[in-house]
Amino acid sequence: MNTHKLELPNQVKQPLSEEREQYKLFAITLKRSPTSELAQHNWVDKYEILLKKVKCQREKLITWLSKQGLRDEVSEIGEPTVFNILPIVCTQNVAKQLSQAPGVVSVSTNQVLTAFSPN
């Protein structure tokens with residue numbers, strides 16, 4: 001799974017090792033496109049449409065985090081899947097506030113995504 005450091009303007013601090021303990025892996029479930037919108041497309045086109053939309057949602061979420069002043073509490077955001085799951089390493093505070101972000105359906109801890117974690 002590809003992971004990327006969260007790149008936001010003016011981000012200068014990475015969490016200290018003792019602060020890292022408060023960072024946890026969460027799975028964000030993003031809002032999915034209506035099935036009626038995809039019905040007329042073949043599976044290849046559906047995949048491309050879903051991936052494009054979920055990547056756009058990821059970028060909007062990064063912008064939202066910045067506007068909310070939460071960027072210092074996010075260590076990493078992974079690449080989204082066509083299943084509308086976005087892995088994020090952040091504080092519990094950010095995880096709670098993410099439920100208010102546009103396009104977010106739910107936020108949960110996810111033991112399945114253990115391969116995605118801060119080093």
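How many salt bridges does the rule give, a salt bridge being a side-chain nitrogen of Lys or Arg within 4 Å of a carboxyl oxygen of Asp or Glu? The count comes to two salt bridges. The model is predicted, so local features need pLDDT of at least 70 and side-chain atom pairs count only at pLDDT 80 or more, whereas totals for chains, interfaces and linings use all residues. Residues are numbered from 1 along each chain as its sequence is written, and side-chain values use heavy atoms, with hydrogens and water left out.

Lys53 lies in helix H3 (residues 43–67) and Glu37 in helix H2 (residues 35–38), so the pair ties together parts that are 16 residues apart in sequence. Helices (H or I, at least four residues) and strands (E, at least two) are DSSP runs, numbered from the N terminus. Lys53 is partly exposed, at 34% relative accessible area, and Glu37 is also partly exposed, at 33%. Buried means under 20% relative accessible area, exposed over 50%, and partly exposed in between (1.4 Å probe, protein chains only).

Arg58 and Glu59 form a salt bridge through their side chains, at 3.2 Å from N to O. Arg58 is buried, at 8%, whereas Glu59 is partly exposed, at 44%.
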